[in-house]
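Here is a short note to read beside the model. Please keep the structure open while you go through the points.

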Amino acid sequence: MSHRRTVRWLVVLAVCLFGGAASPPDSSTPAADQKAFQDYFRSRFPGVPFADFANGPYAVDAAMRKQWEEIMQFPPYDFALDEGKTAFAVKFANGKSYADCFANGGIGVRQNYPYFDTKTGDVVTLDLAINRCREANGEKPLKYGTGMMASLTAYMAETSRGKSFDIKIPDDPRAREAYEAGKQFFYTRRGQLNFSCASCHVTAAGQRMRGDILAPAIGILAAFPIYRSDWGSMGTIDRRFTTCSAQMRSVPLPPQDVAYRNLEYFLSYMGNGVPISGPGTRP
Amino acid sequence: MKRFVVFIALAALAAPASAATQAEAEVALAAAKQAEAEAAKYDNRWVPAEAALKAAETAVAQQAWDTAVAEANKARAMGLRAVEQSKEQETAWHDAVIR
């Protein structure tokens, strides 16, 4: 056997041994993931301007968009917005306020959340930051998911409208770990229905699930918190995650669970460049 | 006598196979709880599995052993499937990633 032939056989053998049926481990970088993710949705919905992905299902369905435009003449989140604005300005018992806890007094900062805190080593969402602010000032934390938490985040989102998601993954292995955990959560099937987040918001994005149009995953968090007609009230990202879990017939995790925060970190990073549009409305 | 033997045999066939005992119900419930605890390690408890587990616990409290065994077995089966799903997904999720 000639030398060249031997080499050829070795190459074939190596491909059989190492390049077989098993999928390759995911060795891509967050930046490469983001590019692939955004390119996928751009080519999947070529008629949708990138910024319009902030509007979820209304970006991809003309009939729903028309209904939404009419709803927006009297936005159902207005009461929550007013409540949040008032509550944001109220001082704590120690004389301080929310503004003391956030950059720029908490105005126009939604697009930077969640961020990875290199001191605490965890992902900090806006909701978590609000409660950490309260606790640091001797106040009781708010209940996650709805109520005042939704109102406060609605106000903070509203002051950030038009600013693009600008989520950073610092050069810290723990940040990368949190990002990867969020990515794994997004693509992992769970629950009796054997669904993942991606099943609905990637594979079936833009299609109907019973009466709903499934929003594309890109920029899906830009409109939160939302007034959802199905709920008849406001809800935060926590509320949406727990509802999605239950709809997959999977027991939801507690709000602000590390897994949910990591998921929010991954999804928000994927949506970098999509402008904040919250608070929003959904069917 | 012959008729009596036939009657007894038919009666035995018509009766329920065997009513579950308290011990059987408790064993089934323990197995279901173990399967659900395993699924919880993967953060993947299924809603209907939890519902079946609760129904089994309620049935035990009411001494309805047959129901308890049936519900516990249902919960265990779903708990085991959830664990299987989670183990499979530990690698399978990579296939879904947008590249």
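How are H7(A) and H10(A) oriented to each other, roughly parallel or roughly perpendicular?

1. **Two helices of chain A.** H7(A) and H10(A) are roughly perpendicular to each other. Helix H7 (residues 173-187) and helix H10 (residues 258-270) of chain A pack at about 90°, with axes 7 Å apart. Axes are lines fitted to C-alpha atoms, for helices over the stretch in contact, and angles run from 0 to 180 degrees between N-to-C directions. Under 35 degrees counts as roughly parallel, over 145 as roughly antiparallel, 65 to 115 as roughly perpendicular, and the rest as oblique. Among the residues making this contact are A:Phe185 and A:Phe186 of H7(A) and A:Tyr265 and A:Phe266 of H10(A). Contact requires C-beta atoms, placed from the backbone, within 7 Å. By class, the contact has 11 nonpolar, 2 polar and 1 charged residues. Nonpolar means Ala, Val, Leu, Ile, Met, Phe, Trp, Tyr, Cys and Pro; charged means Asp, Glu, Lys and Arg; the others, Gly among them, are polar.

2. **Model and confidence.** This is a predicted model: local features need pLDDT of at least 70, side-chain atom pairs count only at pLDDT 80 or more, and totals for chains, interfaces and linings use all residues. Residues are numbered from 1 along each chain as its sequence is written, and chains are lettered from A and ligands numbered from 1 in the order in which they are written. Chain A averages a pLDDT (the predictor's confidence in each residue, from 0 to 100) of 93. In chain A, 90% of the residues score at least 70. Over residues 9-24 of chain A, pLDDT stays under 50.

3. **Two helices of chain B.** The axes of H3(B) and H4(B) come within 8 Å and cross at roughly 155°. That makes H3(B) roughly antiparallel to H4(B). The residues of their contact divide into 13 nonpolar, 2 polar and 2 charged.

4. **Where the chains meet.** 17 residues of chain B are in contact with 23 residues of chain A. On the chain B side, helix H3 (47-61) and helix H4 (65-92) are the elements that give two or more residues. That side divides into 8 nonpolar, 4 polar and 5 charged residues.

5. **One residue to check.** A:Ala198 is found in helix H8 (residues 197-203) of chain A. A:Ala198 has 19 C-beta neighbours inside 10 Å, so it counts as partly exposed. The cut-offs are 20 or more for buried and 12 or fewer for exposed, with partly exposed in between. Beyond its neighbours within four places in sequence, the contacts of A:Ala198 include A:Phe186 and B:Ala96.

Methods: Two residues are in contact if their C-beta atoms, placed from the backbone, lie within 7 Å. Helices (H or I, at least four residues) and strands (E, at least two) are DSSP runs, numbered from the N terminus.
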